[in-house]
Amino acid sequence: MTRQLAVVAVVVAASVVVGVTAVAYALEVQITTVRAVDHGPSDAQLDGLRPRLRRLVGYRSFQVVREERRQCAWQATEAFKIPGGRLLHVVPKRMHEQTVAMQVRLTDRRRPLVDTDFRLQNRGVLLFAVDRDVRGVVPLIIVLRAEE
């Protein structure tokens with residue numbers, strides 16, 4: 001009888017470890033870096049976001065520069081490369097009522113540009129401009145999506 005209990009305990013413990021691992025990597029984060037341009041076609045994958053992108057930076061056309069999708073562990077920092085030598089550090093904090101709490105920190109060669117906490121609907125999108133038309137620099141927009 002004790003042998004059966006030991007086998008059951010091992011199976012339950014193994015199931016708990018597998019369950020914890022599945023939950024630990026349950027958030028998929030997608031970072032898309034977009035370049036705004038005055039004229040020309042926009043990338044088709046951005047069609048649904050074009051009105052929001054136009055309100056954000058005032059340009060008419062948008063082109064994807066880089067896209068990365070990754071499974072992120074809760075409470076762990078993930079660093080995404082952003083063009084221009086920048087890094088976007090994302091820390092998924094928790095999921096509550098289909099809302100993801102996250103911390104985002106954008107650095108440019110160790111100099112902080114953005115450091116904020118926010119809540120995002122599951123499968124939601126956050127947009128923020130990096131180079132907002134400063135000294136002739138074309139705006140760069142970071143599109144962050146998160147999905148459990």
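Student: Why does Gln98 count as partly exposed?

Tutor: The relative accessible area of Gln98 is 39%. Buried means under 20% relative accessible area, exposed means over 50%, and partly exposed lies in between, with a 1.4 Å probe and protein chains only. So 39% puts Gln98 in the partly exposed class. Before we go on: this is a predicted model, where local features need pLDDT of at least 70, side-chain atom pairs count only at pLDDT 80 or more, and totals for chains, interfaces and linings use all residues. Residues are numbered from 1 along each chain as its sequence is written, and side-chain values use heavy atoms, with hydrogens and water left out.

Student: Where is Gln98 found?

Tutor: Gln98 sits in the loop between strand 4 and strand 5. Its phi is positive, about 60°, although Gln98 is not a glycine.

Student: What makes something a strand or a helix here?

Tutor: Both are DSSP runs, numbered from the N terminus: helices are H or I with at least four residues, and strands are E with at least two. By that rule the protein has two helices and eight strands. Their order from the N terminus is α-β-α-β-β-β-β-β-β-β.

Student: Which residues is Arg109 in contact with, leaving aside neighbours within four places in sequence?

Tutor: They are Gly84 and Gly85, where contact means heavy atoms within 4.5 Å. Gly84 is 25 residues from Arg109 along the chain, and their C-alpha atoms are separated by 9.4 Å.

Student: What makes the link between Arg109 and Asp108 a polar contact?

Tutor: A polar contact is a pair of N or O atoms within 3.5 Å; within protein, one must be able to donate a hydrogen and the other to accept it, and residues adjacent in sequence count only if both atoms are side-chain atoms. The side chains of Arg109 and Asp108 are joined at 2.9 Å, so the pair meets the cut-off.

Student: How do you know that strand 5 and strand 6 pair?

Tutor: Two strands pair if DSSP finds at least two bridges between them. Ten bridges join strand 5 to strand 6, so they pair, and they run antiparallel. One example is Gln103, whose bridge partner in strand 6 is Asp117. Strands of a sheet pair through backbone hydrogen bonds, either parallel or antiparallel.

Student: Which strands form the open sheet, and in what order?

Tutor: The order is 3-4-5-6, with antiparallel pairing. Strand 3 (78-82) and strand 6 are the edge strands, as each pairs on one side only.

Student: Why is Ser61 called buried?

Tutor: Ser61 has 4% relative accessibility, which is under 20%, so Ser61 is buried. Ser61 belongs to strand 2 (residues 61-72), and its side chain reaches the backbone oxygen of Gly40 at 2.3 Å. Leaving aside neighbours within four places in sequence, Ser61 has contacts that include Arg35, Ala36, His39 and Pro41.

Student: Is Gln30 buried or exposed, and what makes it so?

Tutor: Gln30 is buried, because its relative accessible area of 9% is under 20%. Gln30 is placed in strand 1. Its side chain makes a polar contact with the side chain of Arg69 at 2.8 Å. Not counting residues up to four places away in sequence, Gln30 also touches Glu67, Val143 and Leu144, among others.

Student: What makes a group of residues a nonpolar core?

Tutor: A nonpolar core is a set of buried Ala, Val, Leu, Ile, Met, Phe, Trp, Tyr and Cys residues joined through side-chain atoms within 4.5 Å. The largest has 21 residues, and those with the most contacts inside it are Ile31, Leu88, Met102, Ile142 and Leu144. Elements giving two or more residues to this core include strand 1 (27-37), strand 4 (86-96) and strand 8 (140-147). Apart from this core lies another, of twelve residues, among them Ala36 and Leu53.

Student: How many residues does the protein have, and what share counts as buried?

Tutor: The protein has 148 residues, and 35% of them count as buried.
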